[in-house]
Structures are given as C-alpha cells and as structure tokens.
Amino acid sequence: MIGFEMPEEVRQRLEFVRGVALTHMRPAGRHFDEHEHEVPWDFVDVMWAEVLRTGQSFRSGVRRAGAEDGLGALTLVHVVETLSWGDAGIYLCGPGAGLGGAAIEATGTLEQKARFLDRFREGRPKWACMAMTEPHCGSDTAAIRTTARRDGDSWVLDGEKIFVTSGHKALVDSEGLMVVWATVDPAAGRAGMKPFVVEAGTPGVRVAKLERKMGIRASDTAAVVLEGCRIPLDNLLGSAEVADPRKGFKGAMATFDATRPAVAASALGIARATVELVKELLALHGVEVRYDRPRSQLTAVERDLLDMEAQLRAGWLLTLKAAWMMDRRLPNTVESSMCKVKAGDVVTRVTQKGVELLGPAGYSRRLPLEKWMRDAKINDLFEGTGQINRLVIARRILGYGSRELK
Amino acid sequence: MIGFEMPEEVRQRLEFVRGVALTHMRPAGRHFDEHEHEVPWDFVDVMWAEVLRTGQSFRSGVRRAGAEDGLGALTLVHVVETLSWGDAGIYLCGPGAGLGGAAIEATGTLEQKARFLDRFREGRPKWACMAMTEPHCGSDTAAIRTTARRDGDSWVLDGEKIFVTSGHKALVDSEGLMVVWATVDPAAGRAGMKPFVVEAGTPGVRVAKLERKMGIRASDTAAVVLEGCRIPLDNLLGSAEVADPRKGFKGAMATFDATRPAVAASALGIARATVELVKELLALHGVEVRYDRPRSQLTAVERDLLDMEAQLRAGWLLTLKAAWMMDRRLPNTVESSMCKVKAGDVVTRVTQKGVELLGPAGYSRRLPLEKWMRDAKINDLFEGTGQINRLVIARRILGYGSRELK
Amino acid sequence: PDEGGALPEALTRAGWELALLPASLPEDYGGFGERSAVTGALFAEELAWGDAAGALALMAPALVAVPLLVAGTEGQRRELLPAFCGEGYVPGAAALLEPRPDFDPRRLGTRARREGGAWVLEGAKCNVPFARESEWVLVYAACEGRTEAFLVRQGTPGLEVGERERNMGLHALPLYAVELRACRVPAAMRLGGEEGGDVGRLLDASRVAQAALAVGVARAAYEYALDYARTRQAFGEAIGQRQAIAFMLAEMATEVESARLLAWEAAWTIDQGREATREACLAKTFADEMVLTVTDRAVQVLGGHGYIREHPVELWLRNGRGFAVLEGIAIV
Amino acid sequence: PDEGGALPEALTRAGWELALLPASLPEDYGGFGERSAVTGALFAEELAWGDAAGALALMAPALVAVPLLVAGTEGQRRELLPAFCGEGYVPGAAALLEPRPDFDPRRLGTRARREGGAWVLEGAKCNVPFARESEWVLVYAACEGRTEAFLVRQGTPGLEVGERERNMGLHALPLYAVELRACRVPAAMRLGGEEGGDVGRLLDASRVAQAALAVGVARAAYEYALDYARTRQAFGEAIGQRQAIAFMLAEMATEVESARLLAWEAAWTIDQGREATREACLAKTFADEMVLTVTDRAVQVLGGHGYIREHPVELWLRNGRGFAVLEGIAIV
C-alpha cells in the first residue's frame, strides 16, 4: 500500500534531533565556518550523551536488531536530514561509528564488530572514519596503491590516503579508529582490495594535512599517511583470501549503497533549510507562492520558488523510497544512486538559486544562505560524484557491467 | 575589428529572400505539412528562376569566385535563416546543388564540377542529394556497407541508403543527381569510403520509400536502393586509391564543416519565427518584455521570453562567427559544431516553450507554433546529432582523436 | 490511432471491462467500491503508458462522475451516477479550458449569472473531451466570485459544440471547441446545488490525474529508448555503451521515478481528505517539465530514427507537450 | 588575495600602467583616446580571467569617470576627469545597489529631494566598491520620477560609509555599506547638471561590463577544468576521455563563447551610439546564468579536488555567483 505518513517512532526520535539542530547547530554554524577545523564540542557532547543513553549510534543504524527494526534506514535519513537542516558541517562532526562503522557492520565478523564497535557505546566521544581515496585516484577506487603486507602476526600498511572525513577526530581527537582500504595483492586489482582497521594511537599512522575547503568547514577532511603501520592480523575485516574476485570491493559497494541515502538526506536538509529561509525572507517583501494559480500567471520569483520546492520534494521522496527498500532488505542500488544524484543536483540548484533570490543579502555572510551554497556543493562530489552515480544507475538499468559501460 | 553590422550586399540579397518567404512560404506551410511529400512547385519555380537569373545556387555558395567572395558563407546563413523563418520544410525543397553539390565542390575535380554542376544553372529545376546513412548505421558513417565494385569501365554500386534528403526530387522529380558514399574496400574502413555520383535515370537505382516524419513534411526523406547500379569510372569524386587512410572521410567531414552553419541557420530561422510570433500574440494580452527591469521583477512569462531571446541571439552570433571564419578560410570545425549544437538546443527549447506559452492555441494546428516545434526537432538530429557534434567539439578542444575519445 | 484520428471501439469496450469507474463509486450510486485517487493515479499511469489518447478516453466518464461524487448533492449523485455504472462505456465531458494563453481556472472568462430559477452561462471553451458524445457536459464558470461547475445536458439550447480541435498530438481523442451562448441551466443543476461545490478540490484532482498520465507517457518513452539503446549498434557497440546515451537514460529513469512519487504523494494527500493544492501543484509542475524532457530525450536517443513516425517516440513527444497546455481533461 | 581579503598594491599599480582609463578619455580631459565599450569588454574579460576582484579594482576608476564622460556636463568633466589621468591609480566609487531582494535600479529606494541650492540624499546602499578609498562617490538615487546620479565628495556630512561587506566571494575587493542621511550635495553636483544625466545608458554599460567580467571568470574555470581533464588519470585513462566529462567541457566552451559574443555585440551597440538596453539585458541575462553553470561544472570536473581551496575553481564559483546579485560595480 502506498503511504506517506511518517511513522510515530520516527516522529518521536526527530523531536530530540530537531531540538539539537535548533539549539546546538543553527546558532553555531557561522562560528565553525569561520574557524575551520575547530571541533564543535558542544554539539559533540550532546550527541554523545544521546548515544550513551540509547546505546546506539545516531548514524549507523543500518542493520539494527530489536524493536525499531524495519525503520532503521527510514529513521536514519530523517535524522540526518534534520541535523543537516541544522548545519551540515557540524552534522558531519557527529561522534560515533559513522562510515567506518558501517564498513565494519557490512564486512566484519561478529567478534570484530564487538571488538571495534563496543567503544562507541561508552566513555568519551569517539569517531570512526573510512580511508579509501588516494591522491592519484578519485572515483577510481580499484586503483588504490596502499599496500598491506603480511609480516608474521601482523599486517604492515604503507600508503597515503586523502579525503578522510573526520580522520583527525578519529585518530587524534579521540580513541577511535579508521577503516583503511588497502591491497594485499597489487596484481589482483579489485579482488586484492581489503578493509583493515587501524586504531587511534597505532604507531606509523599520522594525519599529514587537514584540507581547507569551500564549505562544511567544521568537518575535518584529513590526509593520512601510513608508514610501516603495523596492525594485528585479525584487524583485517572478513577474509584475507583473494578468492572471490569482487567480494572485497563488493563490501565497499555495500557500504556505499547503505550510506548514499544518508548523504542524499544530508543534502536535502540543506536544501530544505534554504527553501524555508528564502520563503520566510521573501514573504517580508510580499512574495508568496500561489500554488493554485497556473504557471503562466506566476511571477518569475514565484516560479523559481515553486521549482525549488518541487525539486526538493522529488529528491526527498526518492530518498525515502531508497530507505524504505533498505529497511525491507530489498536491493536498492539503483534507488540509492538515484536519490544521491537527484539530491546532489537539487541542493546545488536550490542553494545557488537561494543566494540569487535574496540578492545582496543572499551573497552576504550575514545570512547563512551563502554558507549553505558552499556546504551544499560537497554533496555532488563525495561518496561518488554525480557522474559516478549516474554510471551506477546506467549500468543497472542497461544491464551492463563495468566492461560494457566505462 | 569587432563589428556586427550586416554587409550591404547581404542586406540586398535578403530583400528578395524575405519576399519569397512571406509570399511563397508562410502561406503555404500548413498545406504542405498536411500533404506530406507534395512538392511545393510554386516555391521551387520562384527559387529556380532566381538561380537561373543569378547563375548560382542560393544554397551552395560556399566557395564562390568573383565579387561576392568573402561573403559566401555569411550570405548563405542569412539566406537559409530567412527561408527557414518562412518555412523550414519548404526551404528544404529548394532546388539546386545543395548538399550533394557541396560534396562535389569539396571533393571533385574541376572537370567533375563542370560536368555535374553545370546542370544546376540551366533548364528545369533540379536537385542534388547526398546518400550517406544506412539502415544499420546512424552516426557511425565509417560502418557503411554499400559497395562500389570496379567492373571494366564502370563502378557497380550495391547497397541501401536511408535519410536521403530530397532523394525523390533528385532522382525522380528532376534530372538531378545523388552523391553516394560507398566503400571500394570493406576491409579498409574509413579509408575505403569514397563519394560517387549517380545521375537521375541511371538503371539500378530506385527510391524505395519516403519516410513519414514528425515535421518538415514538405521535404522528402528517401530510402534509396542501389542494385547493380552501374556508373562511369570517373563518377568517383577525387581519387580511387585507398592511400591516405582518412582522405575520403575527410572529404565528407569537410562537407559537414561547410554545411553545419547552414543547418544551424535553418534551425534559428524557425526559432526566430517562433519568438516573433509568440511575442506578437502575447502582446495582444498585454505581455511585453521589460528589458530594463531586473530579473527579480519580471513575470515568469517575461523571463521565459527573455531567455528565449538570449538563447536565440547566442545561437545566431555563434553561427555568424562560424560563417565569418569560413569566408576567411579559417579552420572552423569547432565553431561549426558549436553553432550546430547550440542552434539545435535553442530551437528545440524555444519552439517547445513557444507552444506552452500560447496555451491551447500553441498546441492547436490553427497556429503554426506546433508545426514549428515539430519542424525544429530535426535540427538536433540530422547532419550529426547534438551528441555527435559535442563529440566533435570535445575532441578538438581536448586534442583527442577518435581513439582517445569514443 | 494517432494517424487515423479515431479511437478503436474495442479499446473503450475492453477498457470499460476493467471497471475503473464503478470500482470507485459506492454501492449507493451503482458502483461497488470507493474513490481512491492513488488507485486512479496508478491506473492513469498504466493506461497512458499504453496510449495517452486512449487513457484519456477511458478516464473520461470520471470527468462527470468524480465531481458529482466529490461535490455533488446527494440528489445529483443518485440521479446521475448510476448511468456511469452500466454495462457499457459512457463518456463524460468537462469544459474547463478556455482559448487564452492566460487561462486561469480560478479566474474563468466563462460566466454564470442567475436569472430566476436558472443559471445562464456565457463564454467560450476549448479542448472539451467528448463534448459531442457525452450526455452531460460539466461546464466550469465564474460565478459569484469563484469557480463553480454546472451540469449541462446535451442538446440544451446555447450549448454549442463546435468543430473538433486539431492539435499537435492526442489526435485520437475527440476534443471540441464549445461555445455557451445564453445557455440556461436549471438552478438545481449547479454542482453542489444551492451551496455550490468545492471546485478547488476538483482542480487539484485534475492536476494529479494529468501528472500521473504524464508519468505513463514518459515511462513508455524511457523504456522504448532504453531498449533501443541496448540493441542499436554503432561504432562497434551498442549505443547504450556510450556515456552520453547511458547518462541520458539514467537521468530519464530518475526523473520518471521522481514524478511518479510526487504524483502518488499528491494522490495520497487527496485520499487522506486533506487540502492537496500544494502537493498537486508540485506534482504537475514537475511532471509537465519531466514529460517534455524525457520524451524529447527519447527522440534524441533514437537519433534520426526518432523523427520517423514508424517509431512511437515522436508521438509521445507531441502528446507529452500537451500536458502543460491542456487542463481539466482528466481527473482521479 | 581571496583568503587575505586584500589586494596587493603591486596589482593596482601594474594594472594602472596599462592605462586602461586614460586611453578611453579624450585629450581635453587629460587622456589620450576615446571611450570604447568593446575595448572595455575585452579588457574586462582578460582581467577577470586573471582575478575578478582584481579586475573590479582596476576598473573602479571608470565607475566615476565613464558616467562623467557619458552624462556629465562639460564643466563636470573638465573639473573631475583629469584626476583620473594622473600617474597613479585613483579609485572611483559608485553607489547603486541597495540591500533589498527586489532592488530595481530604475526604482531606487534612495531618494534625492531639492532643498534650495542643494540635493538632499536619503537612503541605504550596499556593496559600494571603494566607498572609503575614493575621493568621489557617485550616488544613484530616485529623483523627480527617474534615476539620477550625484557626485558626492568623501567627507560630505551624511555620507556614512559603514563596515566592509563580507560576502561569499570577491573578498579582496573593498565593498562597503553606505548610508545617506540628509546628505546635502550642491545642485551643480548632479550628474548632467540641471538637466540631469541619461542614467539608462550607464546602467546598460554596467550590465555589459559585468557580462564581460563573467565571461572572463568562466573562461578561466573552463580552461582550468580542460587542463585538469587532460592530465588527471582514472580507470586507466585521462578523465577527459570519458564522454560525461568531455561533453561537459564541450558545452562549457560553447556557453563561454556564446556569452562572449553577446557581450561584444552589446558593447558594440553602445559604441554605435545606439540604444543598447535590450542587448545589454540579453548579454547579462545569459552571462549571469552561464558563469554559474560553467564554474559549477568546473568544480564538478575536478570532483572532490574542486572543493579544496588549493585549486581555484571553488573561488571562481563563489565569485561567479556574485554577478547575478551585484549590480553597478563595474562599467565600460
């Protein structure tokens, strides 16, 4: 049956989240934009307290047991949307297992899940990050050069990773961990790619640089260098064998399928914040969208607003559908990439238009609109650019592999 | 020096053309839309009389000697634009050497030019068409299968061609000719492709079908079958040797470089007709574009009109530039493809929007707007789809050949 | 049916046997179900996926029946609805659209004024489906400052059905120009009687219907282009193996899916009994643009072949362009 | 200069040595040429290709000088123009924009009323380049039903230069909020004197200048992305070898070229002494959209790297977005 009502459980969860967004994010957004890489501890502590109280990450939530099962992904996208509505940069600083945790959930053994994830339910705030991209390869994840060499009871990792979101928080600011993708057999291509866990404090790993970015400046984007970084053998998630040629990579892809709707939700939170603020401010100048009038009778600004709203809603419904499918364990690769593509486009368009519609005030740093435009753009770039996600969709609908459609 | 004034010679030429458009095209457009493939003899006779009077085709004009030299291409695009403003379907019925003639001009010897093109300056109206595409290959012109087999003093052609514009007029309605691209060596790929001239009345050539099209219904688009079609040896344009691996194909490409601005001009003639009529009709309802007001103060319809005008003008200036370069013998492959891409996009967008802006009247066959929308779409499809022309531009700006960028 | 300009009777008969309308009318009025805009949207998409003109024909009975159900008086419903629940297909006609570029359903040029026991209608309508074939024509007119609808019986003096419209697309659907010249309608024949009807809800439901139809047309075009891209060879491989074509298809798929979800949400909002003006507006705004883009891209995928009437994509583009222009020709 | 928020002095000095402005002023006023909007557009594009903030700084003297030349009285020209033809860089300031989303240069909120031998200005302006550094600020105001301009000397009571604007882009350009509080200007200091000036022509020339600047920014972004696409490897080849990237670049090239030609035509129309409002409007409409699209696509070509401030493309996107928002900050 087709229905669009928000489940009561989700609604309750959102009340807390909306409070956080209003109290701890909106007022702080500009400060952390202007003080790049400063950690928003106020927000972190509030979120961490909630993690400790509920015993679960506010973000991972993909495969949860218990009462709320069946709503995990739906809850997740709502939570992420609302936090990003508060502030997308601060949201990305949220403590917990995050993307690294999702990789552990997707590919680790039960023992590994316990060993690595238990810390995210106790003590001080912690982060887990994921290190995939390298300087010479962007979307081409199969081309990574970081190596994992077996040496007795250890793996020894060497290489350089970039674009590690929250890398500094995971490795320096907390007793967190990093999931690193490295190859155990450079000749094996994707089949040789494996995920390894490097815990904070491990010798041989260091944060080499924090990137200075267009937006989401509260979030740290780290370059991480691994030099003879020695980790226990069973820090390899899953199996070391290069048997199934696509399993290691499939693990990575499963992680992306799971997180793309959340990335879409984050984008759409920014877009909603923009639409709401633009409408509120233009209403002061007498501009109101007349939904009952035909298109030919609208002003140009009304039509812009209408298009923004329609696009925003389209992106959000696609996201809900992808989440709904995930909660039902339905394969949702196409839907995940669709909502990511659409959300990236929508938030880019909506925030860029929002700046224009407010005129000089939109362009000024006195209002958050210009910041949201800068924050927004990341969503068309990370966790698969718009182009990569179009490729994912196209391959699925056409029935092609990466050989038929490059 | 940068200048945008229309040269006086062009202005004079256009006076006649504008008269033809108003008298012989606009009033007849709907009739020939509803009587598909009927030949618009009235228009044909007027244009032919002008050809006889001036001793030159109104369309070929690409490499002319004498007084008007240096304005050939510029005149051409203006003439084509104005005729298409009159009616794009009827324009395509214009008698003369046309596309086939351009191929002969570009690749033939002096003797061949005289032998094949003199007929276009005397007697009854005649057409020359060009046969390139085959049923199994669209833009992939290198894959053609029509063969030319040498047999004593003759070439024998076998194969099937489609999308032959004015094929029926060239081969059946007049003593015209067809330039056929065929391969003398199927193993040689593009190097084996050569242009041959088949004159009307040659045994072994027949028009198998006339396509029923979305628009430009006055124009005949023929499927032509060649069965043991025997032509004299020296009906091969240029040389028979498969020496330079790209020369034959280069001939074809030179033809396209020369004709793409004319195709762009045709598209933009339709677009201008649309913009003018839409503005005229909306003015009756009090809609006028206020060019002096800022974008935020316009109505939605004004902004649509403004965008249509800006896009139209952009396309036209690109077309003028490509023609201007051609007249100065400057390489203009990029500019030719740019104006073709832009004009195809513009006319599609402008005519589709024009139908919408007029509401039910725009959609009705009582006004020409819906016809212009149907006529327009061909411009994004023939003589290289928008996609193919983007490929041409991309290869040039990136410095890639067809191997690096497929 | 596009070329001939007529609907095969077998189509309407077969379509009627699906019992679209009776399934959405309560038993009291001869049906065996209840109205669901969501179900209506699903049907509309599927039918339009087949053919838009055929879909509009099969949905035409609802043009009279749904307004009666939603906004009619109990008497009007009991009198008129059972006729739509019989064995055979009974078309309905709604006269909303007017021949003006600045047409606005909430500011109609057609006017109704009260004269004694009757309403007198004056004005010009266009693109009225089945205006000649339908027993009842529901005429929308400006009345006492708002839009109201009037049930006008075929043959009423002053209801002048003009010539059949000749449009760019939808040739098979009978659409007519209609003039109302001092057309007198008994007072009781105003939809909703003395209190009038909530026409705003009908306009919303009409927008949703058209959005769903647009999704169907666009999906047909997308699927045809997808199939073509997989089979058509060029440069030694299927054209779908080139990013330019493949990305176009990925975007088409995304846009169709987006529009479908927007239409569903708007329909669902209607079924909840809530105000759905905003949702219907967003759905139609998105779908109007989407169906044009997607059908245009489908032609583009086929290249020159897309321009030939042997393939259906050019027809879908012509039909697709109609959605932004025509209003009130369907309802769920 | 974006990060530091200041212009290197060497830039203005080097730029000044190009003699942009003196070359466009006649000898009578201390220059050695004549005004050419086409030349101005060419310069603007080239300078903005280097850096938009720097270009605007170098063009700032024209904000006062060109209006004087075009619409000033002979006396105003002789008195004020020679100062712009000296050895060193002398900035100019124009106060047109106002802090409202519905800003309209032909319906200004700032007003001028006559009081005896003076004009009294009241209103709020924003994004005024060099309002603090310039000897003269040309203030645009509604006056007797149309827009007029007033030459206000630095230090005039009531000319209150506020804090420096903090915008998304163009950080290096000094832009200020300006308030006019009962600011009295001698009657002779209205541009064009008693008859007033033809401010419409100035607004056109301003639109053309901004269009040309936008072309320069977009071209820089396009060229950077082109170069990146040729050198950056992924999946075993340069990313430019994929159609998705290659087609984006082809479209960027086409759009930049289109906007350039539109800007040139508008500039040429001005130089012909013809009414250029329509041409200027089309050029700016196109360029505003184009520069946003092209700079955004450039970021996209660079992928995640485009988001990092080590590469200039994100700056160009931020600067590019300013063109549709800011008005009157340049003139040719």
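**View 1. D:Glu195 sits in a loop of chain D and is exposed.** In this predicted model, D:Glu195 has 9 other C-beta atoms within 10 Å and is therefore exposed (a residue is exposed if 12 or fewer other C-beta atoms lie within 10 Å of its own, buried if 20 or more do, and partly exposed in between, with C-beta atoms placed from the backbone). The loop that holds D:Glu195 lies between strand S7 (175–186) and helix H6 (199–231) of chain D, where helices (H or I, at least four residues) and strands (E, at least two) are DSSP runs numbered from the N terminus. From C-alpha to C-alpha, D:Glu195 and D:Ser36 are 25 Å apart in space, and they are 159 residues apart in sequence. Residues are numbered from 1 along each chain as its sequence is written, while chains are lettered from A and ligands numbered from 1 in the order in which they are written. Because the model is predicted, local features need pLDDT of at least 70 and side-chain atom pairs count only at pLDDT 80 or more, whereas totals for chains, interfaces and linings use all residues.

**View 2. Helix H3 (residues 41–54) of chain A has a buried face and an exposed one.** This helix has 14 residues and reaches 20 Å from its first C-alpha to its last, close to the 20 Å expected at 1.5 Å a residue (the expected span is 1.5 Å times one less than the number of residues). The buried residues of H3(A) are A:Phe43, A:Val44, A:Met47, A:Trp48 and A:Val51. Seen down the axis of H3(A), these buried residues fall within an arc of 125°, so they line one face of the helix; the arc is that of the directions from the helix axis to the C-beta atoms. They pack against helix H1 (8–25) and helix H5 (88–91) of chain A, while the face turned away from the buried side carries the exposed residues A:Ala49 and A:Arg53. After H3(A) comes A:Gly55, whose phi is positive, near 75°.

**View 3. D:Val208 belongs to the largest nonpolar core.** Such a core is a set of buried Ala, Val, Leu, Ile, Met, Phe, Trp, Tyr and Cys residues joined through C-beta atoms within 7 Å. Of the 538 residues in the largest one, C:Val208, C:Leu249, C:Ala263, D:Val208, D:Leu249 and D:Ala263 touch the most other members. Leaving aside neighbours within four places in sequence, the residues in contact with D:Val208 include D:Ala37, D:Ala41, D:Ala263, D:Ile270 and D:Val332, two residues being in contact if their C-beta atoms, placed from the backbone, lie within 7 Å.

**View 4. Chain B meets chain C.** Here 37 residues of chain B are in contact with 31 residues of chain C. On the side of chain B that touches chain C, helix H11 (333–357), helix H12 (360–363), helix H13 (369–377) and helix H14 (386–398) each supply at least two residues, and the largest share, five residues, comes from H11(B). By class, this side of chain B has 14 nonpolar, 12 polar and 11 charged residues (Ala, Val, Leu, Ile, Met, Phe, Trp, Tyr, Cys and Pro count as nonpolar, Asp, Glu, Lys and Arg as charged, and the others, Gly among them, as polar).

**View 5. Chain A also meets chain C.** In this view, 30 residues of chain A are in contact with 32 residues of chain C. The largest share of the side of chain A that touches chain C, nine residues, comes from H10(A). By class, that side has 17 nonpolar, three polar and 10 charged residues.
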